[in-house]
Amino acid sequence: MGDVPELPDDPVVAEIREVADRLGLARRYRELDRAPSFPWEEFRAMGAAGLIGLHTPRALGGRGLSVARTGIALFHLAYLGGSAFAKLSLQPEFSSVLAEHGSPELVEEWFRPLVRGERLVGNQITEPGAGSDAGAMSMVARPTESGYRLTGEKSEAAFAIDAGAAIVYARVPGPDPRREITAFLVPQELPGTTRKASSGDLGERWMRRGTVQYADVLLPERFRLGEVGEGFRYVRSELTREHALLSAIYLGVARSAWDETVAYVGERTAFGRPLSSQEAVAFPLVEDGAELEAAWLFTERVLARLDRGEEADSGAALAKWMATEVALRTIDHAIQFHGGRGYSQDLPHEQRWRDVRSGRIAHGPSEVMHEIAARRLWPRH
Ligand SMILES: Cc1cc2nc3c(=O)[nH]c(=O)nc-3n(C[C@H](O)[C@H](O)[C@H](O)COP(=O)(O)OP(=O)(O)OC[C@H]3O[C@@H](n4cnc5c(N)ncnc54)[C@H](O)[C@@H]3O)c2cc1C
């Protein structure tokens, strides 16, 4: 095809292709939208193939790849199987607070099985009254003789229905409200815990989001992760990696839509000539190709910074924002240039768009990504 942006490459890509093909990930991605449930079979198979926890250290059962190589792998998982399986691969990354601050017993009991694709761990920060402004959370963990008594409500949580345990952030009351927020691992079957599914989402339906209420739940001391009051500090460094790696996922999804659309408009004729001969069709696709590549190069730079241990919170936040916007524009063009079928569920584009749309809100809204970057430019504000 000539001078078309190349897909990022790495030795792990051949393995990903083999697994995606063997497990039929592209087909399963579509099924998960229509009949939402947690894909345990694929999760376990991906774990057995070493595709869960690509960046997780080998000592914890993971693959130990660099952040940059993990980004390339996630791009390809998303390219071949949509965002669902790439996000599954990333689950241990979302539980790094457990891996880094949990006791060896908790890591053995929950984190290693997560990397094997045998157990699922959720993350619960958001509350009905505290989302972007997570520091306003009100859930309380009052010390008891043998642990804590949890009271409060978490909302919007992915895997509210399917996770066996969740990393839950709550306040341990103390003299300084800024040093109260603490992380806990909370098995979701403890008495006093009630889970409720949300009424249904625009996309990523397989995550089965919902609300979890904690009514005087007694949690033994051993489930606290790290020190009291350090919960936010722990999760912050995890978020930077998450933002950069999510960017790779959104770009992988969008690139598949772009490739399919470029091929389609070259074949489809209207008014006696291929659609690609219409500038109004060709030029947006040309721009999308350039923007996808630019956003990927930007993301690659951020991933490399993370591997070098350099500050990258601003770049990672902007990568997530940029990738989400470029991906949504590209997929929207895919819907448009496939015409009536593009708008239908016969083709994957509308699902891709709905799934990627979460990128403007989940893991911090785009406005908050801008705020992170602005704070770096003007630290004294
Ligand atoms: C698919 C999906 C999965 C999710 N999974 C989880 C999960 O597993 N665990 C979890 O705890 N949460 C999860 N969330 C929740 C998510 O983190 C929150 O929805 C998000 O942080 C926004 O919080 P909020 O919904 O309370 O919105 P609000 O804080 O009320 O904000 C509403 C809107 O206001 C705007 N806004 C907010 N702050 C600012 C600002 N400072 N400047 C300018 N504009 C602003 C943004 O447009 C924002 O979307 C998930 C959300 C989605 C969509």
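I call a residue buried if 20 or more other C-beta atoms lie within 10 Å of its own, exposed if 12 or fewer, and partly exposed in between, with C-beta atoms placed from the backbone. I take helices (H or I, at least four residues) and strands (E, at least two) as DSSP runs, numbered from the N terminus.

**Ground rules**

I am working on a predicted model, where local features need pLDDT of at least 70, side-chain atom pairs count only at pLDDT 80 or more, and totals for chains, interfaces and linings use all residues. I number residues from 1 along each chain as its sequence is written.

**Entry: strand S4**

I looked up S4, residues 165-171, to see how it sits. Ala165, Ile167, Tyr169 and Arg171 point one way from S4. Ala166, Val168 and Ala170 point the other way. All of these residues are buried. With 7 of the 7 residues buried, S4 is largely enclosed by the rest of the structure, so I note it as such.

Next I checked its partners. I count two strands as paired if DSSP finds at least two bridges between them. S1 (residues 121-124) runs parallel to S4, joined by 4 bridges. There, Val121 stands opposite Ala165. S5 (residues 181-187) is antiparallel to S4, over 7 bridges. In that pair I find Tyr169 opposite Ala183.

**Entry: strands S3, S6 and S7**

I then turned to S7, residues 210-220. S3 pairs with S7 in the antiparallel sense through 8 bridges. Leu150 faces Val217 of S7 across that pairing. S6 (residues 193-197) is also joined to S7, antiparallel, by 5 bridges. Ala197 has Gly210 in S7 as its bridge partner.

**Entry: the ligand shell**

Which residues are closest to the ligand? I list Thr126, Gly131, Ser132, Ala158 and Glu367. In total, 21 residues surround the ligand. The cut-off for being near a molecule or strand is a C-beta atom, placed from the backbone, within 6 Å of it.

I sorted the shell by residue class. It divides into 7 nonpolar, 8 polar and 6 charged residues. For this, Ala, Val, Leu, Ile, Met, Phe, Trp, Tyr, Cys and Pro count as nonpolar, Asp, Glu, Lys and Arg as charged, and the others, Gly among them, as polar.

Where does the shell come from? S1, S3 (147-157) and helix H13 (366-377) each supply at least two of its residues. By domain, at least three residues come from each of domain 2 and domain 3.

**Entry: domains**

I looked up the domain assignment. It gives domain 1 (12-99), domain 2 (122-229) and domain 3 (232-377). These bounds come from an automatic or database domain assignment.

How far apart do the C-alpha centres of domain 2 and domain 3 lie? I read 31 Å. For contact, I require C-beta atoms, placed from the backbone, within 7 Å. On that basis, 7 residues of domain 2 are in contact with 10 residues of domain 3. The side of domain 2 that touches domain 3 has 3 nonpolar, 3 polar and 1 charged residues.

**Entry: the whole chain**

I find 13 helices and 10 strands in the protein. The radius of gyration, taken over C-alpha atoms, is 21 Å, close to the 21 Å that the globule rule gives for 381 residues, so the protein is as compact as a globular protein of that length. The rule is 2.2 Å times the number of residues to the power 0.38. Along the principal axes, the C-alpha atoms fill a box of roughly 80 × 50 × 40 Å.

Buried residues make up 47% of the 381 residues. I also checked contacts between residues at least 6 apart in sequence: 72% of them join residues at least 24 apart.

Arg341 first. I place Arg341 in helix H11, residues 339-342. Is Arg341 buried or exposed? It is exposed, because 12 other C-beta atoms lie within 10 Å. Leaving out residues up to four places away in sequence, Arg341 touches Asp346 and Leu347.

Asp216 next. It has a positive phi of about 55 degrees, although it is not a glycine. Asp216 lies in strand S7. It has 10 C-beta neighbours inside 10 Å, so I log Asp216 as exposed.

Last, His363. It is not a glycine, yet I find a positive phi of about 60 degrees. His363 sits in the loop between helix H12 (349-356) and H13. With 16 other C-beta atoms within 10 Å, I log His363 as partly exposed.

Terms used. Contact = placed C-beta atoms within 7 Å.
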